[in-house]
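User: Please take me through the model shown below, with the cut-offs behind each term.

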2 protein chains.
Amino acid sequence: MKTEKNKSPYVTKQRRIILSFLEEQRGRHYSALEISDRLKERGESIGQATVYRSLEKLESEGLACRLYSGEGQPACWMLCEKDGDAGERHYHLVCRKCGGLTHIECEYLEKLAPHILAEHGFTLDPFCNVLYGLCRSCSSDE
Amino acid sequence: MKTEKNKSPYVTKQRRIILSFLEEQRGRHYSALEISDRLKERGESIGQATVYRSLEKLESEGLACRLYSGEGQPACWMLCEKDGDAGERHYHLVCRKCGGLTHIECEYLEKLAPHILAEHGFTLDPFCNVLYGLCRSCSSDE
DNA sequence: CTAAGTGCAAAATGTTTGCATACTT
DNA sequence: AAGTATGCAAACATTTTGCACTTAG
């Protein structure tokens with residue numbers, strides 16, 4: 001259940017570039033377009049389609065994960081931080097108003113995934129969970 | 001903080017149609033296109049743009065809420081179930097694989113929103129919160 | 001009468017796909 | 001040599017916008 005379906009991917013230049021970008025930006029999340037722009041800036045342009053395809057591949061290998069930031073906004077990607085279910089998870093709070101994405105870790109939330117699995121039979125994504133609402137500053141100017 | 005910005009909306013035929021569709025389907029969620037199709041079937045066609053605009057309006061009035069079902073999939077809409085922050089919330093589990101949307105209520109989750117507000121200064125959407133992962137059946141055939 | 005809502009068609013956005021070419025193994 | 005990955009441009013799906021027209025207050 002660990003490496004069975006990962007038939008060692010081709011190591012292409014584009015894969016290396018994307019992977020090293022994400023590694024360098026560990027802990028941050030970027031949309032496919034942002035990634036492609038950043039790479040272009042540094043003269044390592046990669047075709048749009050390839051960026052999407054590579055990210056998807058990295059996700060299916062369990063190396064990267066995708067954050068659904070809400071309709072309209074593009075999905076964001078980042079490297080997975082820990083492997084398997086063991087490590088701590090982190091959650092993301094997405095502000096419906098400003099679109100801001102905050103990354104939090106706390107012990108209450110640590111128990112969320114085990115609870116959902118035990119009580120509701122649903123396996124939460126190990127790395128990227130998103131909750132929607134309003135961030136502090138947006139909720140004060142409502 | 002309750003009715004201040006709701007300047008009693010125009011009651012148009014289209015608004016009435018959409019609202020009564022959602023009322024009739026209380027507890028279920030539909031994408032804008034589904035709503036528009038359903039209405040067309042029963043001879044109450046409404047322009048696409050109007051459906052989107054009305055739903056958005058209902059959301060801003062706090063009558064309907066939008067569920068971000070994940071990239072690719074369209075947003076879904078449903079009538080809010082309770083008013084204000086007082087009532088119980090419910091959460092949605094969205095399966096990354098089959099796209100299924102399960103609706104759960106439980107006491108552990110009841111405490112989630114107060115926790116997030118108190119500890120992280122973030123106000124979760126009162127009605128629609130979505131967690132991503134794999135549902136029971138999809139996680140067993142992984 | 002005025003402000004707001006409607007419908008259509010056109011644009012915008014993010015993502016995917018087809019296909020010929022190039023690269024990895 | 002066989003199997004993948006790439007890049008481009010075209011296709012897609014969902015949502016938004018511009019604008020002339022209608023309707024509610």
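User: Which backbone N or O atom lies 3.1 Å from a phosphate oxygen of DNA strand C?

Analyst: This is a predicted model, in which local features need pLDDT of at least 70 and side-chain atom pairs count only at pLDDT 80 or more, while totals for chains, interfaces and linings use all residues. Residues are numbered from 1 along each chain as its sequence is written, chains are lettered from A and ligands numbered from 1 in the order in which they are written, and side-chain values use heavy atoms, with hydrogens and water left out. A polar contact here is a pair of N or O atoms within 3.5 Å, and the backbone atom at 3.1 Å from a phosphate oxygen of DNA strand C belongs to B:Gly47.

User: Which element gives the most to the surface near DNA strand C?

Analyst: A residue counts as near when one of its heavy atoms lies within 4 Å of the strand, and 22 residues surround DNA strand C. Helices are DSSP runs of H or I with at least four residues, numbered from the N terminus; helix 3 (48-60) of chain A and helix 1 (13-24) of chain B are among those supplying at least two residues. The most, five residues, comes from helix 3 of chain B.

Conventions
A polar contact is a pair of N or O atoms within 3.5 Å; within protein, one must be able to donate a hydrogen and the other to accept it, and residues adjacent in sequence count only if both atoms are side-chain atoms.
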